[in-house]
Amino acid sequence: MTSDRYLLDQPPLTAAELVDLDEAVARLLGTTDEIVVVQAEAILTLEAVAKSLAAPDATAVNVVTGPYGALFGDWMRSSGATVVDVVADFDRVATADQVEAAFAANPRATILAFVHAEAATGGSNPVAEIAAVGRRHGAVVVLDAVASIGAEPVLPTEWGIDVTVVGGQKSLAGPAGVSAAAISDRAWALIEANPAAPRASFLSLLDLRAAWIQTGREAVVGTPNTLESRALLQALSRVAEEGIGGVIERHSRARAATLAGAAVLGLETWQQGSLGFAPVVTALRVPASGFDVSAALGGIVSRGNGPLAPLLVRVNHTGRRAARVDVQDAVSRLAAATGASASEASRAAAATAAAWDGV
Ligand SMILES: *Cc1c(COP(=O)(O)O)cnc(C)c1O
């Protein structure tokens, strides 16, 4: 029987489904590290990771290229750790040299944390290079890949990442209510040795490990989010069907097409420099004059978040919206906002189409 209340009265989530979820996340990340699925949005998993790793006597190097990095540092500080923030202007990605300098000045640092892609500013940090600096200094390396997963390669094994946090709600086109972390043995050792790591708390990775992973994953822990967990399983199966490479390619085409259309319209990227444009979102600088933001808004075009609202517009070619039709629509909105002539708008549309095809 179907009804418009089809979300209700679902059978409870089974241990087998949760094992499937663990395995689907491990496959997505190409890792044999343990997967902890947390029954909450990614922001909570990030807080759990920060507080689990950051012992009161620990020193951490924390890269801040946007709001999530700043929060991560604050959580580690709240556990008593010494946190050295490596801050980049929000219109730039961080560099490996900046991170190297922070380790040189703080040789006792045992943790390096950073965000891969920044959805709010359209930046993507040079992940392999930054991770390599952390590894060279013997640090446990933590990556927030919530915005990058699905939009660009996330390769924890190749890059030597110890903790990779992912969520379904961005480029994987899934739900926000369940998230996951892949955690290496080195990271678990640091967490186990931290007397301040959360216990008897929703933030406790150690409790989840003890109750689920270390008991052979046979008994469901607590009361999981049945609908969100099933939705994430379906999202990951849809991604696997398209192939992660195909999903990434769509995002890459969407980025190239947006940049090409914007260039014809004379719009500049928010990100400065020619590197580090995230395939998850393109952020464009609002020109000082001659740009009617309200004419651009709609479809996949939105304002910048919070204090960035007057400064940039976002083209959210993310998840299922990393699609040719959505990007074409976005470029025509941008053309209207710039007051482009009909011929200029059609040149922008043609450049968008060519770039979509050319990747
Ligand atoms: C979206 C996002 C998160 C997760 O935030 P939620 O509040 O769980 O949606 C974390 N980090 C980054 C970089 C993100 O873009």
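1. In this note, helices (H or I, at least four residues) and strands (E, at least two) are DSSP runs, numbered from the N terminus. The structure under review is a predicted model.

2. Leaving aside residues up to four places away in sequence, A81 touches A54, A55, P56, A58 and M76. By contrast, G358, 277 residues apart from A81 along the chain, has its C-alpha atom 48 Å from that of A81.

3. The ligand has 13 residues around it, of which E41, I43, D144, Q169 and K170 come nearest. Helix α2 (residues 42-53) gives the most to this shell, contributing three residues. The space that the ligand takes is the second largest pocket.

4. A backbone N or O atom of A42 lies 3.2 Å from an oxygen atom of the ligand. For K170, an N or O atom in the side chain is 2.7 Å from an oxygen atom of the ligand. In D144, a polar side-chain atom lies 2.6 Å from a nitrogen atom of the ligand. On its own the ligand has 380 Å² of accessible area, and the protein covers 90% of it.

5. T269 belongs to the loop between α10 (244-264) and β10 (282-285). Its relative accessibility is 17%, so T269 counts as buried. The side chain of T269 reaches the backbone oxygen of Q271 at 2.7 Å. With residues up to four places away in sequence not counted, T269 touches L259, F277, A283, L284 and R285.

6. A200, a residue other than glycine, has a positive phi near 50°. Its place is in the loop between α7 (185-192) and α8 (205-213), and A200 counts as exposed because its relative accessibility is 76%.

7. The other angle belongs to R217, where phi is likewise positive, near 50°, in a residue other than glycine. R217 is found in the loop between α8 and α9 (226-242). With a relative accessibility of 26%, R217 counts as partly exposed.

Technical notes
Residues are numbered from 1 along each chain as its sequence is written. This is a predicted model: local features need pLDDT of at least 70, side-chain atom pairs count only at pLDDT 80 or more; totals for chains, interfaces and linings use all residues. Side-chain values use heavy atoms; hydrogens and water are left out. Contact means heavy atoms within 4.5 Å. Buried means under 20% relative accessible area, exposed over 50%, partly exposed in between (1.4 Å probe, protein chains only). A polar contact is a pair of N or O atoms within 3.5 Å; within protein, one must be able to donate a hydrogen and the other to accept it, and residues adjacent in sequence count only if both atoms are side-chain atoms. A residue is near a molecule or strand if one of its heavy atoms lies within 4 Å of it. Accessible areas come from the Shrake-Rupley method with a 1.4 Å probe; for residues, only the protein chains shown count as cover. On a 1 Å grid over the protein atoms alone, a cavity is a set of points where a 1.4 Å probe fits but cannot get out, and a pocket is an open set with protein on both sides within 12 Å along at least five of seven lines; lining residues have an atom within 4 Å of a point. A molecule sits in a cavity or pocket if more than half of its atoms lie within 2 Å of its grid points.
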